[in-house]
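Reader: I'm new to reading structures, so let's go through this one together. Please start with the sequence and the model.

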Amino acid sequence: MLGGTFDPVHLGHLRSAVELQECLMLDRVHMVPASMPPLRDEPSVPPEERLALLRLGIGQTPGLTADARELERHGPSYSADTLASLREEYGAEARLVMALGHDAFLRLVEWRTPERLFELAHLVVIDRPDHDAPLPDALVELIHRREVDCSEALFQEPAGSLLRLALPTRMAISATEVRRRLLEGSSIRYLLPEAVEARIQERALYRRH
Ligand code: ATP
C-alpha cells in the first residue's frame, strides 16, 4: 500500500511505486488516495478528482492499482483502517507492506495507533531527496527492535518490521511544487504523466479561481 494525498499524483509517486514493486517483489501496489487526510489541511482538489488523476497516471501500468477504498469510508482516512481492510482481503499469511516517504515517516508517532500499523503490515520508508531530518526520540522508541536492513528480512513474517530503503531513482518532485507551478503559470511538463497534465489543464485545476 502506498497511501497519500496525491494532490496531484506525480512521477515521484509513480516511479517509487514501480521500484517498490520490483525491489520488494510485491504482487501488487495499491495506491490509495486519502479522502480526508487527518494530519494536513484539506486538499485543494476533491478526492474523486484526485482519484481520477491517479487512474490516468497509472494507466495500464502492470501491478499498480488506484484503490478507492478510503473514498468509500466516512470521516478521516486512517491508514490502520485501510491496512485492516487489505489484511482482510489478502488473509493473515500475506506479506503486507505499507510504504511511505521519509517526510511522512518523521510524523509517524502523530498518526492514530501507530503500533497497530506494525501489527498489520511491514513499514517501508522511502528515501526522498531534501528530506533527511533526523528521527525524533519518540519515533526511535517506536521503531526500536523493528528495523531490518534488507528486503529479504520482510519475507520472514507477514508484518511487524521496518525497512528504510533507498530506491534506485530518487526524484525531487513534490505535489507542493507542482501546485505552486500551476498557480504561477509555470510548466509542469515531465513532472507528471502527460495524461494527468492534460486533465489538469483542461479543467483548470490548481489555479486561482
Ligand atoms: P505534498 O507536497 O502536497 O505534501 P507529496 O508530493 O509529498 O505532497 P503525498 O501525496 O503527500 O505527495 O505523498 C504520498 C506518499 O508518497 C508519501 O508517503 C510521500 O512521502 C511519498 N512521496 C511523495 N513524493 C515522493 C517522491 N518524489 N519520492 C518518494 N516518495 C514520495
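## Finding our way around

Reader: Where does P8 lie?
Author: Let's first settle what counts as an element: helices (H or I, at least four residues) and strands (E, at least two) are DSSP runs, numbered from the N terminus. With those labels in place, P8 sits in the loop between strand 1 and helix 1.

Reader: How are residues numbered, and what kind of model is this?
Author: Numbers start from 1 along each chain, following the sequence as written. Local features need pLDDT of at least 70 and side-chain atom pairs count only at pLDDT 80 or more, while totals for chains, interfaces and linings use all residues: this is a predicted model.

Reader: Is the peptide bond from D7 to P8 cis or trans?
Author: Most peptide bonds are trans. From D7 to P8, though, omega is near 0°, and that bond is cis.

## Strands and crossovers

Reader: What does strand 1 make together with helix 1 and strand 2?
Author: Strand 1 (residues 2–4) pairs with strand 2 in the parallel sense over 3 bridges; pairing takes at least two bridges found by DSSP. L2 has M31 as its bridge partner in strand 2. A crossover is right-handed if, with the strands pointing away from the viewer, the path from the first strand over the helix to the second runs clockwise. With helix 1 (residues 11–24) included, the three elements form a right-handed β-α-β unit.

Reader: Which residue of strand 3 does M31 stand opposite?
Author: Strand 2 also runs parallel to strand 3 (residues 64–66), with 3 bridges joining them. Across that pairing, M31 faces A66.

Reader: Through which helix does the chain cross from strand 2 to strand 3?
Author: This is another right-handed β-α-β crossover. The chain gets from strand 2 to strand 3 through helix 2 (residues 47–58).

Reader: How many of the 5 residues of strand 2 are buried?
Author: A residue is buried if 20 or more other C-beta atoms lie within 10 Å of its own, exposed if 12 or fewer, and partly exposed in between, with C-beta atoms placed from the backbone. Strand 2 (residues 29–33) is mostly covered, and its count of buried residues is 4.

## Around the ligand

Reader: Which element gives the largest share of the shell around the ligand?
Author: The shell has 18 residues, the closest being G4, G12, G101, A175 and T176; a residue is near a molecule if its C-beta atom, placed from the backbone, lies within 6 Å of it. At least two shell residues each come from helix 1, strand 4 (97–101), helix 4 (102–105) and helix 7 (175–184). The largest share, 3 residues, belongs to helix 1.

Reader: How many residues of the shell around the ligand are charged?
Author: Ala, Val, Leu, Ile, Met, Phe, Trp, Tyr, Cys and Pro count as nonpolar, Asp, Glu, Lys and Arg as charged, and the others, Gly among them, as polar. On that sorting, the shell has 7 nonpolar and 8 polar residues, while its charged residues number 3.

## Helix 8 and what follows

Reader: Why do the buried residues of helix 8 line one face, and within what arc do they fall?
Author: Helix 8 (residues 194–202) buries V196, E197 and I200. Look down its axis and take the directions from the axis to the C-beta atoms. Those residues line one face because they all fall within an arc of 100°.

Reader: Which exposed residues does the face of helix 8 turned away from its buried side carry?
Author: The buried side has cover that includes helix 2 and helix 7. The face turned away from it carries the exposed residues E194, A198 and E202.

Reader: Which residues is V196 in contact with, leaving aside neighbours within four places in sequence?
Author: V196 lies in helix 8 and counts as buried because it has 27 C-beta neighbours inside 10 Å. Contact means C-beta atoms, placed from the backbone, within 7 Å of each other. With those neighbours left out, the contacts of V196 are P8, V9, L53, L56 and G57.

Reader: What is the phi of A204 near?
Author: Most residues other than glycine have a negative phi. A204, in the segment after helix 8, is exposed because it has 10 C-beta neighbours inside 10 Å. Its phi is positive, near 50°.

Reader: What separates the C-alpha atoms of L165 and C23?
Author: L165 lies in strand 7 (residues 162–165), and its contacts beyond four places in sequence include C23. The two are 142 residues apart along the chain, yet the separation between their C-alpha atoms is 9.2 Å.

Note on methods. Two residues are in contact if their C-beta atoms, placed from the backbone, lie within 7 Å.
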